[in-house]
Amino acid sequence: MPTLLIQNGTILDPSQNLERKGDLLLRDGKVEAVGDVGAVNADRVIDATGLYVTPGLIDIHVHFREPGDEEEETIASGSAASVAGGFTTVCCMPNTKPALDNEAQIEFVFRESKKANLANVYPIGAITKGREGKELAEIGTMHERGAIAFSDDGVGVADASVMRKALQYCKMFDALIMQHCEEPSLSGGAMHAGLVSMTLGLPGIPAEAEQLMIGRDLLLDRTIGCRYHVQHISTAGSVELIRRAKRDKQHYVTAEVAPHHLLLTDEDCRTYDTNYKMNPPLRTAEDVAACIRGVVDGTINILATDHAPHLAEEKELEFTRAPFGIIGIECALPLYIKALIEPGHIGWLKMVDMMSTGHARIVRLPNKGTLKVGADADVTLIDPNLKWKIDAEQFVSKSRNCPFHGWDVTGRAVATIVAGDVKWELKR
Ligand SMILES: NC(=O)N[C@@H](CC(=O)O)C(=O)O
Ligand SMILES: [Zn+2]
Ligand SMILES: [Zn+2]
């Protein structure tokens, strides 16, 4: 069976608090040795001098558009984009057409991702049938088939009694609920409700739309204790709610942020460029600062992408009519470097924890997000000093809706290894 030896890199593995120069030996799809490997006969040797060798990056929040909108992204194209961004494992949201709300759909995602044979793809099942928020979906059978978590992403579960049932039900088998927090009666806008939306004459989505649902869910879950993950957190108030919940020993609560909520603000919407339209919307500079503080102090557990492909012709509609969402899987790493490492907010080991190990912890994949001996041989090689320009035209993804097009960034994945197989390498 094939062996791959990665030599002379800097190994960064938060799962064993490892930060050292050394080698990594992969055999039969598993980590065989890490650190001082010594002389071995390998089928292939990669010289990783000057590179970081990390557990493969993981993102538990991506949107591939299969079934239903295959011209925007498929499981295969999304997997190819993932490995091009350094991601070895992704979890895809169920807001497809039809929704991933039954076991056949869950099996479909596994089947298609096996065919693509690039990244590991785990489906997230819908909480409610058709994501309509009325009746619980087949959560139990989807869980048995390997649905990694449950979410109605795109919308939150608005009805408190339905949400309470979902929390109680998922608690029975310790399943994870991921919530898109948005109170619909406060929503319906196109951007953050504030001074800028008023100036632009665009309908707003207030910070409270997000905070209200987070607050409600934390309250509901207080007596239930189901594992609960807040998706794409965007406001200072949300960070504070989660900080307080964790202080109050709601340890089963986790949260994520997306790159755009650390790098952009509602001011960017002044261009009326719909690549600045996503849900939750870009907030204020104070919200950005609070989200960064939440990352630094551990209130926010992980860094996600919310990779949300849309057709150019739909994004070309006027701001109020264009769909919400931007793509990010191929530029998330340098964007987080820019937002968090370059200004000195966090170091590399925490960064890798928040882009890999932490994700594996939340969705319970003990053999991923780690380079421990015996773990899955999913590895990312990162050149932390590589300077490049983000060019959406060069993306592997089928879509182009990215506000970071043209940005100068530093740091990039240069090789992505899944189960010991090099699935992607930067051509240089
Ligand atoms: N984030 C977005 O703006 N859009 C997502 C849905 C979602 O994550 O809520 C999409 O599926 O397009
Ligand atoms: Zn969402
Ligand atoms: Zn999403």
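The buried residues of helix H11 are Ala-332, Leu-333, Pro-334, Leu-335, Tyr-336, Lys-338, Ala-339 and Leu-340. This is a predicted model. H11 spans residues 332–341 and is mostly covered, with 8 of its 10 residues buried.

Several elements supply the cover. The buried residues of H11 pack against strands E6 (57–62), E14 and E16 (408–418). They also pack against helices H8 (260–263), H9 (285–296) and H12 (348–362).

Ile-346 sits in the loop between H11 and H12. Is Ile-346 buried, exposed or partly exposed? It has 18 C-beta neighbours inside 10 Å, so Ile-346 counts as partly exposed. A residue needs 20 or more such neighbours to be buried.

Leaving aside residues up to four places away in sequence, Ile-346 touches Val-295, Val-296, Leu-340, Ile-341 and Met-351. One of these, Leu-340, is among the buried residues of H11. Ile-346 and Glu-32 are 314 residues apart in sequence. Their C-alpha atoms are 30 Å apart in space.

## Helix H7 against H9

The axes of H7 and H9 are 8 Å apart, at an angle of about 25 degrees. That angle makes H7 roughly parallel to H9, since angles under 35 degrees count as roughly parallel.

On the H7 side, the contact residues are Ala-236, Val-239 and Arg-243. On the H9 side they are Glu-286, Asp-287, Ala-290, Cys-291 and Gly-294. By class, the contact of H7 with H9 has 4 nonpolar, 1 polar and 3 charged residues.

## Helix H7 against H6

H7 (residues 236–247) also meets H6 (residues 207–222). Their axes come within 9 Å and cross at roughly 15 degrees. H6 and H7 are therefore roughly parallel to each other. Their crossing is right-handed.

Which residues of H6 and H7 meet? H6 brings Ala-207, Glu-210, Gln-211, Ile-214, Gly-215 and Leu-218. H7 brings Gly-237, Ser-238, Leu-241 and Ala-245. By class, the contact of H6 with H7 has 5 nonpolar, 4 polar and 1 charged residues.

## Strands E6, E7 and E8

E7 (residues 87–92) pairs with E8 in the parallel sense over 4 bridges. E6 and E7 also pair in the parallel sense, over 4 bridges. E7 is mostly covered, with 6 of its 6 residues buried.

In a regular strand the side chains alternate between the two faces of the sheet.

## The open sheet E9-E12-E13-E14

A further 4 strands form an open sheet in the order E9-E12-E13-E14, and the pairing is parallel. Which strands stand at the edges? They are E9 (176–179) and E14 (302–303). Each has a single partner strand, so one side of each is left without a neighbour in the sheet.

The partner of E14 is E13 (residues 253–257), paired in the parallel sense over 2 bridges. Glu-256 has Ile-302 in E14 as its bridge partner. E14 is also one of the elements against which the buried residues of H11 pack.

Note on methods:
Residues numbered from 1 in each chain as written. Chains lettered and ligands numbered in written order. Predicted model: local features only at pLDDT ≥ 70, side-chain atom pairs only at ≥ 80, totals over all residues. Axes fitted to C-alpha atoms, helices over the stretch in contact; angles between N-to-C directions. Parallel < 35°, antiparallel > 145°, perpendicular 65-115°, else oblique. Left-handed = near helix turned anticlockwise from the far one by under 90°. Contact = placed C-beta atoms within 7 Å. Nonpolar A, V, L, I, M, F, W, Y, C, P; charged D, E, K, R; others polar. Pairing = 2+ DSSP bridges. Buried ≥ 20, exposed ≤ 12 C-beta atoms within 10 Å, placed from the backbone.
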